[in-house]
Amino acid sequence: MAETTYRICTLPGDGIGPEIMEQAERLLEAVSKAFGVTFDCERQLIGGAAIDATRAAGEKVTALPPATLSAAQAADAVLLAAVGGPRWDDPTPGAVRPEQGLLAIRKNLGLYLNLRPVRIYDALRDASPLRPERLDGVDLLIVRELTGGLYFGRHERQVDVEGAGRDGTKGQTAIDTLEYAEFEIERVLRWAYEAAARRSKVVTSVDKANVLETSRLWREVNHRLNAEFEDVEGEDMLVDNCAMQLVANPAQFDVLVTENTFGDILSDEASMLTGSLGMLASASLGDGAALYEPSHGSAPDIAGKGVANPIAQILSVELMLRYSFQMDEAADAVAGAVEDVLAAGWRTADLADGTTDASHLLGTAAMGDKILEAFALRAGSREA
Ligand code: IPM
Ligand code: MG
């Protein structure tokens, strides 16, 4: 029988993106050998890299070139690293920004659901700013709505607006609109309830219903689903309270579901439970091929130095194996390899703390090597 072939569109993007993507590509090669599947990887441009390339070629300047979008649409899955950087922070209203590439690919692929699992590694308990005992029993899944709300509303700048300046003079006004249709809320909440039914059976729906109309609609839909899923306990939580509860008592959460902006903010906060933003992977699911990416950004301050933590990128491959290719055994071997390497004391700079032995501090590629070694052991013992 011919080997199964999966087409993967890889998007290294900007900053540390290409460095961490390289480690993910090496891992895919190892998975391919160990599990007898072929990954047909095709690199494409996105973000600042795409802006530079389209500008240099005299084409329409864009952060998501048509070739990238068609490659992503034709792929079985998309693996993205990160976009953005100060080089493309053009303050001119209407200027093309790297982040537009990311938002556009999410929208075009219909990726309305973003999953960010927050897993605690025993070995990293001391790397978290939280007291270790607060991390007992923490295992939560953040479900973020990804193609609606504020990030996809109308963004507008008005100039010479009467009374908008200081002391009643003319000045500027900025407008961002926040809108949600019922179906956009329902499909995300439904996924959260279905996921919770397979986990600890608690859904916390996060909103700001004491102020926002979109949140009041969100809450109504949540109550409807709560009634439908009898064996899942559903609750509402205000977002400001949730931000506090995430550090005060994070173990209370199982599935935390929320709209785009709140999910963006709360997932960065929750990443610190794991010790570093460099540990948090994400899966974006929707109508067609899914996209996998770290929850962190392009870290321009450390780009090109070979010190970035590749683990969130590697765990994004784990999620890809699980959700897109149903390769649970391979995914378990990847997750296990990361655990083994951390348990052996190996750290990238972001994970180091007072107890870290300097001889165990690794750069990006060396961390990739360690994870590949551990993966080979895990995958090898599978065959034995
Ligand atoms: C994320 C990022 C993006 C987002 C930015 C880069 C547009 O912060 O994936 O969390 O806000 O979605
Ligand atoms: Mg973010």
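Rings of Phe, Tyr and Trp count as a pair here if their centres lie within 6.5 Å. Keep that cut-off in mind for the close-ups below, which come from a predicted model.

**View 1. Y6, F39 and F325 form a ring cluster.** Ring pairs join these three residues, Y6, F39 and F325, into a cluster. Zoom out from there and the structure turns out to hold six aromatic pairs. Two of these pairs get their own views further down.

View 2. Walk along the protein chain and you'll pass eleven helices and twelve strands. The radius of gyration is 21 Å, close to the 21 Å that the globule rule gives for 384 residues, so the chain is as compact as a globular protein of that length. Its C-alpha atoms fill a box of roughly 75 × 55 × 50 Å along the principal axes. As for the inside, 50% of the 384 residues count as buried. Take the contacts between residues at least 6 apart in sequence, and 75% of them join residues at least 24 apart.

**View 3. F35 meets F375 in a tilted pair.** A pair of aromatic rings is described by the distance of the centres and the angle of the planes. For F35 and F375, that's 6.3 Å centre to centre and 40° between the planes, which makes the pair tilted. F35 sits in helix α1 (residues 17-35) and F375 in helix α11 (residues 364-383), so this pair ties together parts that are 340 residues apart in sequence. F35 counts as buried, at 16% relative accessibility. F375 is buried too, with a relative accessible area of 2%.

**View 4. Y180 and W218 go edge-to-face.** Here the ring centres of Y180 and W218 are 5.8 Å apart and the planes stand at 75°, so the pair is edge-to-face; the cut-off for that label is over 60 degrees. Y180 lies in the loop between β7 (171-176) and α5 (182-197), while W218 belongs to helix α6 (residues 213-228), so the pair links parts that are 38 residues apart in sequence. Y180 is buried, with a relative accessible area of 8%. W218 counts as buried as well, at 2% relative accessibility.

View 5. The protein chain exposes about 16,800 Å², and carbon and sulfur atoms supply 51% of that. How far apart are the mean positions of the positive and negative charges? For the 35 positive and 60 negative charges of the chain, the mean positions are 2 Å apart.

How values were computed
Residues numbered from 1 in each chain as written. Chains lettered and ligands numbered in written order. Predicted model: local features only at pLDDT ≥ 70, side-chain atom pairs only at ≥ 80, totals over all residues. Heavy atoms only, no water. Helix = DSSP H or I, 4+ residues; strand = E, 2+ residues; numbered from the N terminus. Rg over C-alpha atoms; globule rule 2.2 N^0.38 Å. Buried < 20%, exposed > 50% of the residue type's maximum accessible area, 1.4 Å probe, protein only. Contact = heavy atoms within 4.5 Å. Areas by Shrake-Rupley, 256 points an atom, 1.4 Å probe, with all protein chains shown as cover. Lys, Arg positive; Asp, Glu negative; His and termini not counted. Charge placed at Lys NZ, Arg CZ, Asp CG, Glu CD. Phe/Tyr/Trp six-rings, centres within 6.5 Å; stacked < 30°, edge-to-face > 60°.
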